[in-house]
Amino acid sequence: MNTNHPVRIAIALFGVAIIVGAYFIGRSDERNGTNTPLETIVSTATAAITSPTGILEERDVYYPGTEAIGPDEMRVVALGTGMPSVRPKQASACWLVELGNGDKFLFDIGSGCHERLAAQKIPYDYLNKVFIGHLHVDHMGDLPSLWLGGTVMNRLVPLRIWGPTGATPEYGTQYSMDRMQEMYKWDIATRSGVIDFRGGVLEVNEFPFDGLNKVIYNENDVIIRSFPAVHGLDGAVSFILEWNGLTFVYGSDTIPNKWYVEYAKGADIAIHESFLPPPLLVTKQGFNPLEALTVGTQGHTSPEQFAKVMSMVKPRLAVGYHFYNDFDIKPEMMKRIRTLYDGPLELAVDYMVFNVTKDSIKTRMSAIDEDIWPSPPILEKIPPDVSEFPFSAFTISGALPMLDVVQPLYDEINDLYGTDYEPFFKPPEPAEE
Ligand SMILES: [Zn+2]
Ligand SMILES: [Zn+2]
């Protein structure tokens, strides 16, 4: 016996009822002098049954580049929440803060985060202020990529860096940035004269690492302060950004310290590292037990230490980061944190977004478009001077000019833009007799 039989009969009768009903409605339309086709009536009835959704008023997902920031709003985007060894799910430390006045700031620029930054679809001219908490590679590893890659992606304004001094000059940000410019001498030489390279200028602002809540930035009603962190060596700091009555605190890396507890108190959003607990550093990361204890509690902050810090700071939202945040790890982190801290809490992963206003803090995840192109620059580009390519006669002698395919490309551009550009590489002049 077929148990579906009554259901099938009911569906069939319902369908017949719609068609018959539609027929009689159509007849009545005819009698009333109107003429609604039978198919229209049937499709309208079917649409009502399938219940179309339309556009949702409240978005549960953040789509970069599609959502205006409110005039009183601070938007914080986690662009790197993982470890020094980057992985597809998590880059190293990087946080983007966008304000309702249009300003944007980067806090740390760790390895792998540039790709997450690009996914925000923000013109690079606006991404020119970077605050580095300390000079570990997982907090500045993508700086060369943002600096030099950014020039190709249309940044025409200097890249501005803020970072701390060290115990001696060679451990400071200025020394590091000078060497970075030396390291990329070849890169710089290949780009200047070929593209508009104004964005290649690096502005370095080194400030004393031991300043106690000292203002290091004060522009456009945005104040950024720094205070010391306890991590690695002298020369690690944490930051506070204040704007429009909202306070963002970023620890970079540090073990619990009295300055964070004092200056971060009552912050709207307080970010602090929360490292893997020592037992997981042994089993998951392959540390030996002493390494796990030393790194996990004396160089970094265990979940329990994080919890104790946040129970003293009492922010509107506490955010932990700097661990591999997986489905089997997060419950263990939460269990340990919740023994000592029961306030508002998020454990960040890359692309987590926080919309902060005086009334609410909303946490969402971003939906990322992988096909990202650079946004146009703010300033007009200046054509470079390509009259001389910096090659020796030796290298020029090896180039194949291929004018049969290159000249048409020049002609195509010259026709499109009314220019008269010529290729640099030409076939060699015939030797004189
Ligand atoms: Zn570090
Ligand atoms: Zn770190």
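Arg116 lies in helix 3, residues 113–118 (helices are DSSP runs of H or I with at least four residues, strands are E runs of at least two, and both are numbered from the N terminus). This is a predicted model, in which local features need pLDDT of at least 70, side-chain atom pairs count only at pLDDT 80 or more, and totals for chains, interfaces and linings use all residues. Residues are numbered from 1 along each chain as its sequence is written, while chains are lettered from A and ligands numbered from 1 in the order in which they are written. The chain's secondary structure comes to 14 helices and 16 strands.

**Around Arg116**
- Arg116 counts as buried, with 23 C-beta neighbours inside 10 Å (buried takes 20 or more other C-beta atoms within 10 Å of a residue's own, exposed 12 or fewer, and partly exposed falls in between, with C-beta atoms placed from the backbone).
- Beyond its neighbours within four places in sequence, Arg116 is in contact with Leu79, Gly80, Ala91, Cys94, Asp350 and Tyr351 (contact is defined as C-beta atoms, placed from the backbone, within 7 Å).
- Arg116 and Ala78 are 38 residues apart in sequence, and their C-alpha atoms are 8.8 Å apart in space.

**The chain and its core**
- Of the chain's 433 residues, 34% count as buried.
- Among contacts with a separation of 6 or more, 65% come from residues 24 or more positions apart.
- The largest nonpolar core has 82 residues, and Trp95 and Val97 touch the most other members (such a core is a set of buried Ala, Val, Leu, Ile, Met, Phe, Trp, Tyr and Cys residues joined through C-beta atoms within 7 Å).
- Setting aside residues up to four places away in sequence, Val97 touches Met74, Val76, Phe105, Phe107, Leu241 and Phe248.

**Helix 11 and helix 12**
- Helix 11 (residues 303–313) packs against helix 12 (residues 330–338) at an angle of about 45°, with their axes 8 Å apart (axes are lines fitted to C-alpha atoms, for helices over the stretch in contact, and angles run from 0 to 180 degrees between N-to-C directions).
- Helix 11 and helix 12 are therefore oblique to each other (angles under 35 degrees count as roughly parallel, over 145 as roughly antiparallel, 65 to 115 as roughly perpendicular, and the rest as oblique).
- Pro303, Glu304, Phe306 and Ala307 of helix 11 make the contact with Met333, Arg336 and Ile337 of helix 12.
- Buried residues of helix 11 include Gln305, Val309 and Met310.
- The cover over the buried residues of helix 11 includes helix 8 (258–263), strand 12 (269–273), helix 10 (289–299), strand 13 (317–321) and helix 12.
- Lys314 follows helix 11 and has a positive phi, near 50°.

**Loop residues worth a look**
- Asp234 sits in the loop between strand 9 (222–228) and strand 10 (237–243), and Asp234 is partly exposed, with 15 other C-beta atoms within 10 Å.
- Asp234 and Gly166 are 68 residues apart in sequence and 5.8 Å apart in space, C-alpha to C-alpha.
- Apart from neighbours within four places in sequence, Asp234 is in contact with Gly166, Ala167 and Phe209.
- Asn244, in the loop between strand 10 and strand 11 (246–250), has a positive phi near 55° without being a glycine.
- Asn244 is partly exposed, with 16 other C-beta atoms within 10 Å.
- Ser252 is placed in the loop between strand 11 and helix 8, and Ser252 has a positive phi of about 55° although it is not a glycine.
- Ser252 is buried, with 27 other C-beta atoms within 10 Å.

Notes
Contact = placed C-beta atoms within 7 Å.
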